[in-house]
Amino acid sequence: MALLWFSPRFAFQGYTKVCIKIRRVWNAILFEIVPMTSSPSEKSEFIIDTDVLTKACLMAVSLGADIIKTNYSNEPKTFKKVTSACPVSVTILSGEHVSDEECLKRIRGAMDGGASGGAFR
């Protein structure tokens, strides 16, 4: 599996070209979509608005994503809007550091909202 990050500095045509090349070697491409309020170095926060998450995930699908790793909206009911609109598997990223118990609760909530699970480093 190949992992791609979105960067505003890299033109979308560049992603499409990279995806075509990756498909020659790998079976699946995972896009990590992390909408934030500003750059990570400026104490930014994760955006959890479902409209923003849905649009970002659909953009990744249009560029060739087979799996998407993105922010969790913190509510299964609202996250269902994201997962039901997306034709590929959606997983959540770890987000802020939390206890193991809280992490498992987030994964359960995301899965109740249609996510395939969590993808953590």
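In what order do the elements of the protein chain run from the N terminus on? Please then examine helix α3 (residues 76–85) in detail: which of its residues are buried, and what covers them?

Analyst: This is a predicted model, in which local features need pLDDT of at least 70 and side-chain atom pairs count only at pLDDT 80 or more, while totals for chains, interfaces and linings use all residues. Residues are numbered from 1 along each chain as its sequence is written, and side-chain values use heavy atoms, with hydrogens and water left out.

From the N terminus on, the order of elements is β-α-β-α-β-α-β-α-β, which gives the protein chain four helices and five strands. Helices (H or I, at least four residues) and strands (E, at least two) are DSSP runs, numbered from the N terminus. Of the 121 residues in the protein chain, 39% count as buried; buried means under 20% relative accessible area, exposed over 50%, and partly exposed in between (1.4 Å probe, protein chains only).

Within helix α3, the buried residues are Phe 79, Val 82 and Thr 83. Seen down the axis of α3, these buried residues fall within an arc of 90°, so they line one face of the helix; the arc is that of the directions from the helix axis to the C-beta atoms. Lys 77 and Ser 84, on the other side of α3, are exposed. The cover over the buried residues of α3 includes α2 (50–62), β3 (67–70), β4 (89–92) and α4 (100–112).

Thr 50 lies in helix α2 and counts as buried because its relative accessibility is 13%. Leaving aside residues up to four places away in sequence, Thr 50 touches Ser 73, Thr 78, Lys 81 and Val 82, where contact means heavy atoms within 4.5 Å. Thr 50 and Val 82 are 32 residues apart in sequence, yet 6.2 Å apart in space, C-alpha to C-alpha.
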